[in-house]
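I opened the notebook to record, step by step, what I looked up. The entries follow below.

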Amino acid sequence: MEGSREVSEFTNFDVKNVKLARSLGGLALELPVMNKKPPVGLLPDHEARHLNFSLTRPVSRPMSRQRNSTADVSMADKTNARAEQGINTRLAHTGNNPSDYHGFVNPPVVHASTVLFPNARTMETRSQKYTYGTRGTPTTDALCEAINELEGAAGTILVPSGLAAVTVPFLAYLSSGDHVLIVDSVYFPTRHFCDTMLTRLGVTVEYYDPSIGAGIENLIRPNTRLVHTEAPGSNTFEMQDIPAIAAAAHRHGCIVTMDNTWATPVYFRPLDYGVDVSIHAATKYPSGHSDVLLGTVSANAAHWPALSEAMVTLGVCVSPDDSYQILRGLRTMGVRLERHQASALAIAEWLEGREEVARVLHPALPSFPGHELWKRDFGGASGIFSFVLKADPENGKAKAHAFLDALSIFGLGYSWGGFESLAVHVNLSDRKVAKAPQEGPVIRLQIGLEDVPDIRRDVEAGLAAANAL
Ligand SMILES: *Cc1c(COP(=O)(O)O)cnc(C)c1O
């Protein structure tokens with residue numbers, strides 16, 4: 001019986017919370033529950049949903065900062081207090097309650113498939129917090145909780161890559177016969193998924209102009225189910241009027257998704273602007289070190305159940321080690337972004353004054369067409385932008401390659417958001433509406449955490465090499 005006593009001690013707290021949540025009919029905001037990823041499918045549907053909502057909805061009402069007289073300050077109390085705090089304070093403290101794990105500052109990395117139940121009844125009803133590895137562990141929960149809080153979301157799922165963070169919600173919400181509207185400046189692999197698998201499954205895909213704004217309404221058909229946004233756009237950084245698009249889409253009952261990888265929730269919170277589902281390649285800034293692949297998808301209350309169920313149905317889950325690394329990355333993401341932002345702006349402004357450059361594509365530059373939208377809605381800019389190198393059509397590629405080959409600090413590589421500077425000659429041949437600039441090749445720069453004078457010297461060497469052609 002020794003063993004079973006230990007098990008019931010381990011689970012007692014969680015079972016109590018499930019019961020309490022049930023008895024309160026879902027009004028369980030104050031409960032010290034850590035698990036933000038609910039055991040969907042394990043409880044009767046309506047109960048599971050109550051749990052989802054009550055445990056994951058962000059609390060916006062102001063709360064007293066006074067501590068409980070009891071020794072333990074619950075996670076819910078902390079979440080309430082954090083609603084008033086600055087972003088770096090929140091990044092430092094969200095997603096883990098040290099007192100839940102003997103005071104350790106960070107959550108344990110739990111490797112798990114099997115979870116034991118204390119008795120047959122609990123097993124039958126699955127009425128304990130953790131039931132199986134694919135459905136969440138203390139490690140994945142800590143990250144989900146942090147992302148929920150940063151996004152202001154009802155719930156978050158973790159998926160193995162940023163691309164899966166696009167494809168899984170599309171599979172969750174779309175059915176054969178549906179029509180979807182996808183922004184034309186979309187991340188290319190998203191387009192590939194839409195043009196292949198989604199089309200094969202009977203969904204009609206249409207691409208729209210990123211500058212369409214409220215005009216999206218004219219494209220909405222009776223069977224339009226979802227409008228996908230991404231701002232700024234991949235590689236060319238077109239801004240979108242997200243509130244106008246969301247309002248028009250909602251008038252027709254469409255779901256609005258947004259790939260918010262560029263801004264992160266530090267600089268833009270999509271759900272506050274009418275978006276239903278916020279998508280992130282956590283591979284980028286949350287990871288910050290070019291060594292983890294992970295995606296997050298966060299939904300508002302209305303769209304959380306379908307998303308959560310899709311994850312369970314598809315069997316999508318992520319490793320505890322990767323989840324831990326992303327949570328670790330969040331702690332420093334705010335200060336890293338400040339440096340990425342400042343350095344990228346310094347390089348972008350300097351490039352604007354260069355003879356060899358036709359245009360700089362960076363939303364924080366007043367010369368950029370989407371600048372006003374960026375200023376209205378976004379709290380900052382991250383560290384990736386592009387510029388158009390002046391060239392004749394016949395030597396554009398040669399100049400782009402000369403530029404890239406002369407770089408020594410910048411690596412030539414895909415992805416971004418890490419500590420190191422990267423450059424790539426962008427291919428825009430997939431565009432249908434938001435066409436490539438005509439003045440020459442587009443070079444995308446991810447500005448890393450190196451010193452600006454060194455980065456500038458490197459870019460200068462690239463420009464000199466391109467000039468020599
Ligand atoms: C990189 C990226 C993704 C995909 O992330 P991966 O983890 O590399 O699959 C999705 N959307 C945008 C906008 C990206 O830049």
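I began with a term: a crossing is left-handed if the near helix is turned anticlockwise from the far one by less than a right angle, and right-handed if clockwise. Helices (H or I, at least four residues) and strands (E, at least two) are DSSP runs, numbered from the N terminus.

I noted that this is a predicted model, in which local features need pLDDT of at least 70 and side-chain atom pairs count only at pLDDT 80 or more, while totals for chains, interfaces and linings use all residues. Residues are numbered from 1 along each chain as its sequence is written.

**Helix pair.** I looked up α14 (residues 396-405) and found that it passes α15 in a right-handed crossing. The contact (C-beta atoms, placed from the backbone, within 7 Å) involves, among others, Phe403 and Leu404 of α14 and Leu463 of α15.

**Strand β6.** I then turned to β6 (residues 277-281), where 5 of its 5 residues are buried, meaning that 20 or more other C-beta atoms, placed from the backbone, lie within 10 Å of a residue's own. Val277, Ile279 and Ala281 point one way from β6, whereas Ser278 and His280 point the other way.

**Its neighbours.** Strands pair if DSSP finds at least two bridges between them. I found 3 bridges joining β6 to β5 (residues 255-259), which run parallel, with Met258 as the bridge partner of Ser278. On β7 (residues 295-299), which runs antiparallel to β6, I found 5 bridges to β6, and Ile279 stands opposite Val297 there.

Conventions
Contact = placed C-beta atoms within 7 Å. Buried ≥ 20, exposed ≤ 12 C-beta atoms within 10 Å, placed from the backbone.
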